[in-house]
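I opened this notebook page to look up the charged side-chain pairs. The entries below follow the order in which I checked them.

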Amino acid sequence: MADDFGFFSSSESGAPEAAEEDPAAAFLAQQESEIAGIENDEGFGAPAGGQAALAQPGPASGAGPEDMGTTINGDVFQEANGPADGYAAIAQADRLTQEPESIRKWREEQRKRLQELDAASKVTEQEWREKAKKDLEEWNQRQSEQVEKNKINNR
């Protein structure tokens, strides 16, 4: 039995403390909870009760042994990744793929804004074409007048 001279334990008696919490595990747990919170806030990810139900290895209340899953080497594994009922799976997928109201609203606003910008750019383009045509006609007229003057002066 080696004496650590009180350097590695915080108690005065020198008795080893209970196992300290692993900082890497604490960090990962914190990150997972933050990600779960973000997913639930935005309406993406699993439903709120889904994570708690999956985290508990035992059967749900009133579940029979057939709901436990497959037992391999004494470990119980869930056979399906989602609900066994086809309609429930589709409903869950619809909830997961629906975009939040704020994103849908933003898309509609952007679509309207882009349509307005497109209409404005078409109007501006038409005005530029008309102005360019008018400027070209004026230039051609001045050029022809200049050519006529040069012809008269050169005779």
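Where do arginine 129 and glutamate 125 lie, and how many residues apart are they? I find both in helix H4, four residues apart, about one turn of the helix; helices here are DSSP runs of H or I with at least four residues, numbered from the N terminus.

Before going on, I note that this is a predicted model, in which local features need pLDDT of at least 70 and side-chain atom pairs count only at pLDDT 80 or more, while totals for chains, interfaces and linings use all residues. Residues are numbered from 1 along each chain as its sequence is written, and side-chain values use heavy atoms, with hydrogens and water left out.

I looked up salt bridges, defined as a side-chain nitrogen of Lys or Arg within 4 Å of a carboxyl oxygen of Asp or Glu, and the count by this rule is three. Arginine 129 and glutamate 125 form one of them, at 2.8 Å from N to O. For accessibility I used relative accessible area (buried under 20%, exposed over 50%, partly exposed in between, 1.4 Å probe, protein chains only): arginine 129 is exposed at 51%, whereas glutamate 125 is partly exposed at 39%.

I then found that salt bridges with shared partners join Glu101, Arg104 and Glu108 into one network. Glutamate 101 pairs with arginine 104, their closest N and O atoms being 2.4 Å apart, and these two residues are three apart in helix H4 (residues 101-154), about one helical turn. Arginine 104 also meets glutamate 108 at 2.8 Å, N to O, across four residues of helix H4. Arginine 104 is partly exposed at 34%, and glutamate 108 is partly exposed at 33%.
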